[in-house]
Amino acid sequence: MNNPLVSIIIPCYNHQKFIDSCFKSIIMQTYPEIEVILIDDCSKDKTIEIIERSLGCLKERFIRVEFRKHSQNKGITKTLNEGLKMARGNYIKILASDDMLYPSSIETLVNTMEENKEYDMLFSNGQYIPEDCSYEDALLLKNKNFYISNPLPQDNSIVQTLYLGNFIVGGTVFFRKETYERLGYYDESIPIEDWEYNLRVAVNGKIGYVDAPIFFYRQVATSISHINKTGAYVQRYEYMYQGSSAVIEKYKEFVGEEVYLKKMVNLYEAYIEKAFSVRWTEKMKELKQKMKNVNVWNYRWQMKYLIAQIGLYSIFANLREKIKN
């Protein structure tokens, strides 16, 4: 029987330092039946030059290689949807152009899917690597794993667990193409596309976990979790806040009011604190102390208290002006 085709979709943007290592990692895959779809989202560095130089080698290794260049930046969600429409594979692997795969990654994922027909999506273990780590060094180093045990809840509460926090590392996911055909592509109106789609699959299908090293996640200083505490930092967290709010509202009917309110309180505390840390760290400490002194157990009242204390609804609209002053 022929091996099913796997489509590796690589969205690229300003990763001239890392894309060679990304290419090495896919060329080294032990699984034979792979096509590669590269889409550059209007990079300003030498990413396109490196891709074009590598196309010959990629075409020798893979069944099909497609490369598209955007004349203007469209963003990750639209770029991913474009790649999905181009894909011909039975399975889909999305790989950021600064990340890398273990040599046996695709083979392990395909075998797991073929043995477990009920899974619509898989995620797996992997390792964090430093920003300047080469592919060769990543294979030799003993890096920190994402998970020390199976993170899937054992009580069938995966929707609620995912709703309270996206515990799935995005770069590890692996889909059947038919999952996208059945559930649709990524929601282009929601900035946090991976969390939303994980919840969509959890609500409408089944998610499996592979406890094997599949993926290297590069901890890059320009990623959202490493942005300096500047105006850009605040803008990134405003973006994250808006995306999180949209996901929370979209799936609240599947978790119940108490879980919804709990998540909203957590969201307010987390993102407002990050925004305030630019200048108002002391104010947040004061607020937290007040919260401890108020015996409020009902999430609805807790939320009202938060809103009353820090003017949540107007913070993000005025935050940039406050920073300037």
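Buried here means under 20% relative accessible area, exposed means over 50%, and partly exposed is what falls in between. I start there because those cut-offs decide how I label several residues in what follows, E131 among them, which at 26% relative accessibility counts as partly exposed. The model is a predicted one.

Salt bridges, then. The count comes to 13, and I will go through some of them.

K17 and E131 meet through their side chains, with N to O at 3.4 Å. K17 sits in the loop between β1, residues 6–12, and α1, while E131 sits in the loop between β6, residues 121–129, and α5, residues 135–140, so this pair ties together parts that are 114 residues apart in sequence. E131 we have already called partly exposed. K17 has 60% relative accessibility, and because the cut-off for exposed is over 50%, K17 counts as exposed.

Next, E35 and R64. Their side chains form a salt bridge at 2.8 Å, N to O. E35 belongs to strand β2, residues 34–40, and R64 to strand β3, residues 64–69, so the bridge ties together parts 29 residues apart in sequence. Are these two buried or exposed? Both E35 and R64 are buried.

R200 bridges to E196, with the closest N and O atoms 2.8 Å apart. Through shared partners, salt bridges join D187, E196, R200 and K250 into one network.

Now helix packing. Two packed helices are described by the angle between their axes and the distance between the axes. For helix α1, residues 19–27, and helix α2, residues 47–61, the axes come within 10 Å and cross at roughly 10°. Because angles under 35 degrees count as roughly parallel, α1 is roughly parallel to α2. On the α1 side, the contact is made by I19, D20, F23, I26 and I27. On the α2 side, it is made by T47, I50, I51, R53, S54, C57, L58 and R61. Sorted by class, the contact has eight nonpolar, two polar and three charged residues.

Helix α3, residues 76–86, is another case. Eight of its eleven residues are buried, so α3 is largely enclosed by the rest of the structure. Which residues of α3 are buried? They are T77, T79, L80, N81, E82, G83, L84 and M86. What they pack against is β1, β2, β3, β4 (91–94), α7 (177–183) and α8.

A lysine to look at is K263, in helix α10, residues 257–276. Its relative accessibility is 12%, and since the cut-off for buried is under 20%, K263 counts as buried. Setting aside neighbours within four places in sequence, K263 is in contact with Y163, L164, G165, W195 and I248.

Last, the nonpolar cores. In soluble globular proteins, nonpolar side chains tend to be buried together. Here the largest nonpolar core has 80 residues, and those with the most contacts inside it are I10, I26 and L38. Not counting residues up to four places away in sequence, I10 touches C22, F23, I26, V36, I37, L38, I39, L95, A96 and S97. Another core, of seven residues, lies apart from the largest one and includes M100, Y102, I129 and Y135.

Technical notes. Residues are numbered from 1 along each chain as its sequence is written. This is a predicted model: local features need pLDDT of at least 70, side-chain atom pairs count only at pLDDT 80 or more; totals for chains, interfaces and linings use all residues. Side-chain values use heavy atoms; hydrogens and water are left out. Axes are lines fitted to C-alpha atoms, for helices over the stretch in contact, and angles run from 0 to 180 degrees between N-to-C directions. Helices (H or I, at least four residues) and strands (E, at least two) are DSSP runs, numbered from the N terminus. Angles under 35 degrees count as roughly parallel, over 145 as roughly antiparallel, 65 to 115 as roughly perpendicular and the rest as oblique. Contact means heavy atoms within 4.5 Å. Ala, Val, Leu, Ile, Met, Phe, Trp, Tyr, Cys and Pro count as nonpolar, Asp, Glu, Lys and Arg as charged, and the others, Gly among them, as polar. A salt bridge is a side-chain nitrogen of Lys or Arg within 4 Å of a carboxyl oxygen of Asp or Glu. Buried means under 20% relative accessible area, exposed over 50%, partly exposed in between (1.4 Å probe, protein chains only). A nonpolar core is a set of buried Ala, Val, Leu, Ile, Met, Phe, Trp, Tyr and Cys residues joined through side-chain atoms within 4.5 Å.
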